[in-house]
Amino acid sequence: MSDVGGEGVRQLGIYIHIPFCKSKCSYCDFYSNPGNKSLISLYTKALCEHIAEGNLKNSDYEVDSIFFGGGTPTLIGENNLIKIVNTIYKNFNVLHECEVTVETNPNTVTLSMLKKLARAGFNRISIGAQSSNPFELSELGRIHTFDQVLRAVSYARTAKIENISIDLMFGIPNQTPDTWQSSVDNVIALNPSHISCYALKLEPGTKMHQNAASYLFPDEDTQADMYLKAVRQLADAGYEQYEISNFAKPGLECRHNLKYWSLGEYWGFGPSAHSFIGKLRFSYIRDTDLYINGVLKHGVIIDKSETGNAAERAGEYLMLMLRTTEGISSKVLEKKYLTYFEEIEKCLLKYHKQGLVEFDGVRWSLTPRGFLISNTIISDVLIALENSRGVVNKANIYKKI
Ligand code: SF4
């Protein structure tokens, strides 16, 4: 991962949002329409037209990652997924070694589907398992079993999709350190290339948030112990942590994720999808009907857009890269974001003394204990950024480096 950009060829990620799910999980605030399958073919048509309009074939952009997320992408079936990915191949310069991921709910995949997807270039699958415990799955409103996760992994391997990621969640109502431990053990036993361990967050507007008082959540200390134990266990099993919640076998970090955190460029298609191209950030409306109509009738589909000034971009760099184990460096902050490091260094040193931040002589990053309070550390660093002595004189900085 490089965070100092260069001229010439530019790498681009493409994100495709599929806003359909079989039913809504109790904790989920992603934009998806449960049960609304009638729109699938019209949505696929609109998406393909939108991608074709975005044609960047004659540009410096090379696509090194394509990610189908949602929602439940596999719910729209392999033929629609293949139509969409073929439209991307036709309209963008897609690298031969491009990482092409499909997210899935384990009860929506079949062997024949994955074989067809593999032939069409899909080479990575991300399976939302969340837990191996049936009671926890039911609390989350998940409508699959752990056996279906096992089957999805075996289908993926038979279809020669070897790059497999599995999502797990801690902080689930009634979850105990023992049940969490067995979920982690059961997933490690499957030997996937990538494991994500997310903390359950109560998001406003979700069913779980509305009924929060009726759930018994593990307390903060228990959740911290669960997280730290999983970090150690995953390291022992050969998974390297590269972000607060993400662990991968060496070299198999998710390229799509890395683009978000390292301020790489990506173009998201579909309702609610976000993009970052050049210095522009924008997103599309969070409504499937309006998106389809907007694309097919050439109306407005942009929801928000902004360019951001130098200080905002420096803040973004600090906020995103401190989530990763690569962390931040004074050189990048000064050279790319023209911002002084002194105040930020003072702030980081305070946490360094407490063992929450580490420094390898070049880069500052959070330790696993630091990740547990990443929001506090990052907001302190952002305050330090505000107190910094303004923007560095560009000419002096280039002399210095
Ligand atoms: S399957 Fe995924 S996107 Fe759909 S409701 Fe559940 S968590 Fe949300």
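The shell around the ligand (residues with a heavy atom within 4 Å of it) divides into four nonpolar, five polar and two charged residues. In this classification Ala, Val, Leu, Ile, Met, Phe, Trp, Tyr, Cys and Pro count as nonpolar, Asp, Glu, Lys and Arg as charged, and the others, Gly among them, as polar. Among the surrounding residues are Cys21, Cys25, Cys28, Lys24 and Arg142. The model is predicted: local features require pLDDT of at least 70 and side-chain atom pairs pLDDT 80 or more, whereas totals for chains, interfaces and linings use all residues. Residues are numbered from 1 along each chain as its sequence is written, and side-chain values use heavy atoms, with hydrogens and water left out.

Aromatic pairs (Phe, Tyr or Trp rings, the six-membered one for Trp, with centres within 6.5 Å; planes under 30 degrees apart are stacked, over 60 edge-to-face, the rest tilted) number 17. Phe68 and Phe122 form a tilted pair, at 5.2 Å centre to centre and 50° between the planes. Both Phe68 and Phe122 are buried. The rings of Phe92 and Phe269 have centres 6.4 Å apart and planes at 75°, and the pair is therefore edge-to-face. Phe92 is buried at 1% relative accessibility, and Phe269 at 0%.

Terms used: Buried means under 20% relative accessible area, exposed over 50%, partly exposed in between (1.4 Å probe, protein chains only).
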